[in-house]
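Dear colleague,

I am passing on the structure below, and my notes on how its chains meet follow directly after it.

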Amino acid sequence: MTQIIADKPAARWLPARHHFALTRLIVLAVGRYLPAKMNAEHLLLAVDRDQSAIENYALSIWFLATSACYVGATLPLSLAWSIILSIPIAAFVIQLPIYFGATSAILMALQFCAAAYFATAIGPIHYVAWLSLMAFATNAMAWVVAKACGI
Amino acid sequence: MTAEDSPNRHPPPATRRPWWRRFLVKGVFWRKFLRFAAIRVPPWIEPLVIGWWAGFFLLWGPGRHGVMSNLKRVKPGSSALANFFRCYRVFWNYAWSLSDTMRFREMRVVPDWEFTGYKDFEALQSSGGAILLTAHMGSYDLAAHLFAERSGHRIIMVRAPEIDPETHAYEGKRKSADIEIVFNVNASDLAIDLLHAIRDGGIVAIQGDRVAGDIADLPATVFGKATRLPAGPFALAMASHAPIHPIFIVRMGRRRYRVAAYPPIVVEASRDRDAAFAAALESWTRVLEDVIGKSWYQWFSFEPLWPEAA
């Protein structure tokens with residue numbers, strides 16, 4: 001049964017409403033400074049770890065943008081055509097593992113493997129790959145901290 | 001025949017049809033696919049998946065023509081190109097609403113709720129028997145569960161049957177235990193059932209923004225143009241002496257919905273039925289115009305409300 005919090009807009013920034021350790025730590029640190037206006041007569045907020053819109057949109061955009069860069073780097077086309085085609089191709093390709101039963105962890109593992117592969121590539125793509133590897137590493141450290149602090 | 005045997009409560013049996021019809025826009029394949037996706041797609045990749053499929057159905061399905069035709073009336077003077085992108089926004093919101101409903105049904109994932117007109121919403125909850133009149137907006141299925149949980153009332157949702165018999169049978173099998181869904185297949189039987197339900201303290205939820213199928217209607221003017229709206233809610237209100245509560249569910253963002261309640265509409269029981277209906281219908285169309293005008297991007301009416309504009 002999902003816990004519901006009534007008429008407390010600040011509850012939007014509860015760490016428990018975020019999925020990943022890194023975002024949990026971030027909202028724990030800065031949550032009290034984020035806007036929490038009561039813009040309705042009555043408010044019911046669900047405490048669910050996938051409830052944060054910002055976290056989910058940000059992650060979705062990062063995942064698509066990074067994957068599009070990898071697709072673009074493998075396309076044997078000019079830079080302009082690679083940019084144009086890589087986004088729809090990546091949006092489609094990312095979904096394929098899900099329809100074959102991949103879970104959230106498998107998708108992240110695939111993204112990690114792709115980052116590890118392209119990190120050794122020549123050209124600007126390796127910056128994208130290293131940025132992804134750093135994001136994975138930061139989240140892993142945040143997970144350790146969150147576990148240690150019981151967040 | 002008892003009320004439980006009524007054809008309004010049970011979908012018609014699915015007849016044997018060519019196998020490929022299940023892959024048409026309203027075919028059962030896509031309902032099953034939606035259920036699969038709601039269960040399997042990780043929430044953090046959902047925006048991408050929904051964006052993709054909203055685009056797919058925008059380009060494939062016939063619904064685009066209905067939405068663009070309605071947008072022409074709601075936003076007079078707008079260009080076809082602008083309305084095409086607005087249409088994508090409608091499909092995007094519709095996909096999110098379907099996904100949220102399915103996640104609730106299958107995994108009990110609840111969204112955040114905001115309320116405006118809370119006094120009117122409480123009036124509905126405390127009333128003994130009422131009609132909840134709404135439009136094809138937001139996730140009305142999801143909201144019906146909220147009403148059922150909060151008010152403790154018996155909720156009866158009136159819906160048009162699915163066009164595809166297999167889809168209809170599939171949806172019929174997956175009906176929720178919290179709310180009753182009746183299909184307006186046989187109008188006279190249904191009217192009697194609903195009248196009894198209201199008199200027993202139930203809340204009957206009806207969508208009053210579109211005439212679907214062979215149901216009684218009334219002339220109305222919406223956004224300055226003549227059209228027809230369902231007569232059923234007003235006839236039911238007159239017969240049962242129950243107020244009509246206009247309530248709309250507006251999607252505000254990811255897993256966030258607003259319940260917008262408006263003051264109740266009372267249909268006076270009078271000898272001059274036409275005048276009483278006209279007055280009530282005018283109040284309803286004013287509310288409808290206000291809500292659709294503000295939230296056109298989630299008016300999920302895929303058929304033209306003004307057919308001549310199509």
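Which residue of chain B forms a salt bridge with Arg17(A)? The partner is Asp112(B), with the closest N and O atoms 2.9 Å apart, a salt bridge being a side-chain nitrogen of Lys or Arg within 4 Å of a carboxyl oxygen of Asp or Glu. Between chain B and chain A the count is three salt bridges.

Please bear in mind that this is a predicted model, in which local features need pLDDT of at least 70 and side-chain atom pairs count only at pLDDT 80 or more, while totals for chains, interfaces and linings use all residues. Residues are numbered from 1 along each chain as its sequence is written, chains are lettered from A and ligands numbered from 1 in the order in which they are written, and side-chain values use heavy atoms, with hydrogens and water left out.

As for the interface as a whole, 34 residues from chain B and 37 residues from chain A take part in the contact (heavy atoms within 4.5 Å). The two chains bury about 2,900 Å² between them, 59% of it on carbon and sulfur atoms, where buried area is the accessible area (1.4 Å probe) that two parts lose on being put together, summed over both. Of the area that chain B buries against chain A, 27% comes from Trp44(B), Leu48(B) and Arg254(B), more than from any other three residues.

The chains also meet through strands (DSSP runs of E, at least two residues, numbered from the N terminus): β2 of chain A, residues 42–47, pairs with β1(B) in the antiparallel sense over three bridges, pairing requiring at least two DSSP bridges between the strands. Within β1(B), Phe115(B) is the bridge partner of His42(A).

Best regards

Key
Helices (H or I, at least four residues) and strands (E, at least two) are DSSP runs, numbered from the N terminus.
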